[in-house]
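Please read it with the structure open.

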Amino acid sequence: MRGGAAAVRPRGAEYNRGWCGRHPPRTGHPRMSHFKYHVFFCCNQREPGETCCNNHGATDVRGYAKDRIKALKLAGEGKVRINSAGCLDRCDQGPVLVVYPEAVWYTYVDKSDIDEIIDEHLTHGRTVERLRL
Ligand code: FES
């Protein structure tokens, strides 16, 4: 493909299929992410007495985040996806979540921290440094 990126940027369906605007998909160039932000909450539950994110209410907090993202109409393709994950191998720093594509790791104490991550990072693209791991 020749010419400036602005001159060839696809619109509509082509854009949604992951064409980056400079390289057609068949070239093997990395495609755009299906979601703008993909958020993984560790919801792992270990045996009683063992450290894990679900001891801090991770499953409940993930559900809260999912509901809030839907209520804000931020859920879906090209927007935000909230997923639960198994152990992310940072148990001692938990509860943890990670936001892709930037791979920004967070910890949290309660739902107000989740609200801040949603309002700052997932809405405006601003990392919440005080919660970052
Ligand atoms: S249990 Fe959550 S990171 Fe391991």
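1. The model is a predicted one.

2. H3 covers residues 58–71.

3. Which residues of H3 are buried? They are Ala58, Val61, Arg62, Ala65 and Ile69. These residues lie on the same side of H3, because the arc they cover around the axis is only 105°. Asp60, Asp67 and Ala71, on the other side of H3, are exposed.

4. The buried residues of H3 are covered by elements that include strand S1 (37–42), strand S2 (80–85) and helix H4 (111–124). Two of these names, S1 and S2, return in the sheet described next.

5. The sheet is open and has four strands in the order S2-S1-S3-S4, with mixed pairing. At its edges are S2 and strand S4 (104–107), each of which pairs on one side only. From one strand to the next, the twist averages 20°.

6. How do S1 and S3 run, and how many bridges join them? S1 and strand S3 (residues 96–100) run antiparallel and are joined by four bridges. Val39 stands opposite Val99 of S3.

7. A last point concerns the residue Lys73, which follows H3. The phi of Lys73 is positive, near 60°.

Note on methods
Residues numbered from 1 in each chain as written. Predicted model: local features only at pLDDT ≥ 70, side-chain atom pairs only at ≥ 80, totals over all residues. Helix = DSSP H or I, 4+ residues; strand = E, 2+ residues; numbered from the N terminus. Expected span 1.5 Å × (residues − 1). Buried ≥ 20, exposed ≤ 12 C-beta atoms within 10 Å, placed from the backbone. Arc of directions from axis to C-beta. Contact = placed C-beta atoms within 7 Å. Pairing = 2+ DSSP bridges. Axes fitted to C-alpha atoms, helices over the stretch in contact; angles between N-to-C directions.
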